[in-house]
Amino acid sequence: MSNLLEVNKVSKKFGDFRALNEVSITVPKGSIFGLLGPNGAGKTTLIRIINQITMPDTGTVRLDGDLLNSNHIKDIGYLPEERGLYKSMKVGEQALYLAQLKGLSKAEAKARLKYWFERLDIGDWWHKRIQELSKGMAQKIQFVVTVLHQPKLLIFDEPFSGFDPINANLIKDEILRLRDDGATVIFSTHRMESVEELCDDIALINKSNKILDGKLIDIKRQYKINTFEVGIKAADNSGLKHELSQKFNVSPANFKTLDNELKLNIKIAETETPSELLSFLTSRGEVSHFVELIPSVNDIFIQTVTNN
Amino acid sequence: MNHLPLIIKREYLTKVKNKSFIVMTILSPIIMIVLFGVVAYLSQLNNDKVRRISILDESGLIQDAFKDSEKIKYRILDTMSLGAAKSLVEEASSYGLLHIEKVNDVNALSNHIKFYSEEAPSLTLISEMESTLEKKLTEIKLENNGVDVAMINASKTPVNIAQESFKGEKTSKIDSVVKLIFGGAIGYLLFMFIIIYGNMIMRSVIEEKTTRVIEVIISSVKPVQLMLGKIIGTSLAGITQFVVWMCIGGVLMTIITTTMGIDVSSMQMQQEEMIKQASVNPELHMQVQDFIMAFNHLPIVNLVIAFILFFAAGYLLYSSLYAAIGSAVDNETDTQQFVFPVLVPLILAVYIGLFTVIEDPHGTVSVVFSFIPFTSPVVMLMRIPFGVPLWQQLVSLLLLVATFMFTVWFAAKIYRVGILMYGKKPSYKELIKWIKY
């Protein structure tokens, strides 16, 4: 069994509003899975279904091969986007309570909390009340509480919001480490650069439907635009530009160079190969820059959502 | 996994450790006792004051009717003009002047009596003088018509009907009074308990919503469990608070009674005096005996068991509704439109209990409302001291428990959806829709 989570044709209606329409996703074991989509697309509903907070109308969810049931609560760690802690409870008490709700014994929870609090440098907050802490500090505690019971599946909804860049980095490293230790991570965010950096697989949900999913690298290939960013220096730059625009689809490019080169984005036809383009260019002038333009997740997101 | 004990523990401990809860728990009985003491002291002060009233009786018929009492001293003025009498009374700083004009016709006399005073006279004083005058004038008129007043007085026969049930239990009027006090106290206790701790549950649900901790919690716990845990935990905190109140109240009462013993006993004396006056045949020890007998007549075992069951079921019924309300709104100010309809049957129950059950504990209205689940806890508990057949109690309890289970289900549905809804002020229509989610 290589997939930890299999969501199969899940639909959910709230009154007349269809929140999810036969959405299926598979999350491979040990991967970081990006769940993307515009606001109100149905991501949160899907996450809540996986957490058994909401029941689906139709469709099934399997975790590690078994249909979701109450025993799975301890296998999932969930950091919701709308999160918070009891304001007037002390940090330690609260973390213990939440850990015990996830099935840890009090002693076990205490030992692990000590470890994590030291690791994230929050050891001396044990007796502080949440209302005395800054937002970022409270977020750290919330993160610890989410991962404390060592769940197989971790679901993070916008995990970096409220963190400064240093702490965001710290959390990112922790997420990667948890993945390396064998956890599977579902990651929902609007920060495309972190998706780019972290995710192995993604699924894109828009208006209650899944419109795209797969390995991030495969999707990028699929969205390949066959365009190359080129810097070239010839004796007659404008003449070369004219010649190139006759032969290819050319648009001006913008990047930094040291010399006064001709900077272009050149799109080649499906039948042509990059080396053909390169050898043509080297025959015309001195090539200083030759990069394939890979669509960013951001571009893919915007393109698929607007076309949908 | 059953997390109910864990949730109950947290709810209980956070409530009990809360500063304002502790302050309320300790201060409330002290405030009550101090208030009680102040009122007792003040009424004592007031009672000690002796009022002097001068009477200018130009008709010469009435003056001998007024007898001095502990608190009112009468002085009959010699014949003088009204103006002179007024200034005399003012100088002597008497409480007031009762002026009876000279009228030839006794029948018209009642319209010619006036009371002059510096300030507005006390109502009890006026009514006391009125009754004295009425009695005297009636006697005079009777005598004028040739009736022997002494004979009438001698013929007055006080009647005190002895009461006995078919089973042979002796009862008395005091019985009804004791039952009334008992039923009223229980009904009122339930009413207060629901309002105070129902609100506490509601606030605690809203707190979870506003701090947004709710989604984390319900990813580990079933909403129904969380709701029940909240209700039970808060109720236990409530019971703790009540017990502490009783203890502190009891201790303080004992301290006050021992240190200011005379005051309290004199107050009791007054009350007994009042009872003595009100009762036709005043024999104090008989009264006390009646009272004890009445207390013994209460179906104690039945009452205690019924109290526990009806109280628990009724309280849970209402508190689950409070929890549902808390889940449906974002903040406390939005709760009003939902809380009021919940309170209506409760208020209705208390009024029916106070006015109908007392009048006719086994009448149609009392019986019907002691079966309707939302009013039955209060009304049935008020009826039980008057003796309710067991089958009626059981049917009523069964209905109550069934309704309670239904409301918990209903509340849990609303709760489940409501706790995740933000920014919407829900309408009733929407709440109904949530049930289907």
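A: B:Arg212 is partly exposed, at 24% relative accessibility. On this scale, buried means under 20% relative accessible area, exposed means over 50%, and partly exposed lies in between (1.4 Å probe, protein chains only). The model is a predicted one, in which local features need pLDDT of at least 70 and side-chain atom pairs count only at pLDDT 80 or more, while totals for chains, interfaces and linings use all residues. Residues are numbered from 1 along each chain as its sequence is written, chains are lettered from A and ligands numbered from 1 in the order in which they are written, and side-chain values use heavy atoms, leaving out hydrogens and water.

The partner of B:Arg212 is A:Glu82, in a salt bridge whose closest N and O atoms are 2.8 Å apart. A salt bridge here is a side-chain nitrogen of Lys or Arg within 4 Å of a carboxyl oxygen of Asp or Glu. This pair crosses between chains: A:Glu82 sits in the loop between strand E6 (76-79) and helix H2 (91-101) of chain A, and B:Arg212 in the loop between helix H7 (173-210) and helix H8 (214-218) of chain B. Helices (H or I, at least four residues) and strands (E, at least two) are DSSP runs, numbered from the N terminus. A:Glu82 is partly exposed too, with 36% relative accessibility.

Over all chains, the whole structure has 22 salt bridges. In chain A, A:Arg177 and A:Asp181 pair at 3.8 Å, N to O. A:Arg177 is partly exposed at 26%, whereas A:Asp181 is exposed at 58%. A:Asp180 pairs with A:Arg179 at 3.2 Å, and A:Asp180 is exposed, with 57% relative accessibility. In chain B, salt bridges with shared partners link B:Arg10, B:Glu11, B:Lys15, B:Glu208 and B:Lys230 into one network.

Patch residues have over 30% relative accessible area and no salt bridge; like charges are joined within 9 Å, and nonpolar side chains (Val, Leu, Ile, Met, Phe, Trp, Tyr) within 5 Å. Lys and Arg count as positive and Asp and Glu as negative, with His and the chain ends not counted. A charge is placed at NZ of Lys, CZ of Arg, CG of Asp or CD of Glu. The areas come from the Shrake-Rupley method with a 1.4 Å probe, and for residues only the protein chains shown count as cover.

A positive patch brings together A:Lys106, A:Lys110, A:Lys114 and B:Lys9. Helix H3 (residues 106-119) of chain A gives the largest share of that patch, three residues. A:Lys110 lies in this helix and is partly exposed, at 37% relative accessibility. A negative patch is made up of B:Glu90, B:Glu91, B:Glu118 and B:Glu119. Of these, B:Glu118 is in the loop between strand E4 (113-117) and helix H5 (123-144) of chain B, and B:Glu118 is exposed at 68%.

Chain B also carries a nonpolar surface patch with about 950 Å² of accessible area together; its members include B:Ile22, B:Ile30, B:Val38, B:Tyr41 and B:Leu45. B:Leu45 lies in helix H2 (residues 19-48) of chain B and is partly exposed, at 47%.

Helix H1 (residues 43-50) of chain A is largely enclosed by the rest of the structure, because seven of its eight residues are buried. The buried ones include A:Lys43 and A:Arg48. Just after this helix, A:Gln52 has a positive phi of about 60°. Most residues other than glycine have a negative phi. A:Glu158 likewise has a positive phi, near 50°. A:Glu158 is in the loop between strand E7 (153-157) and helix H5 (165-180) of chain A and is buried at 10%. A:Lys207 has a positive phi near 45°. The place of A:Lys207 is the loop between strand E9 (201-206) and strand E10 (209-215) of chain A, and A:Lys207 is exposed at 60%.

As for the layout of chain A, an automatic or database domain assignment gives domain 1 (3-221) and domain 2 (226-292). Their centres, taken over C-alpha atoms, are 45 Å apart.
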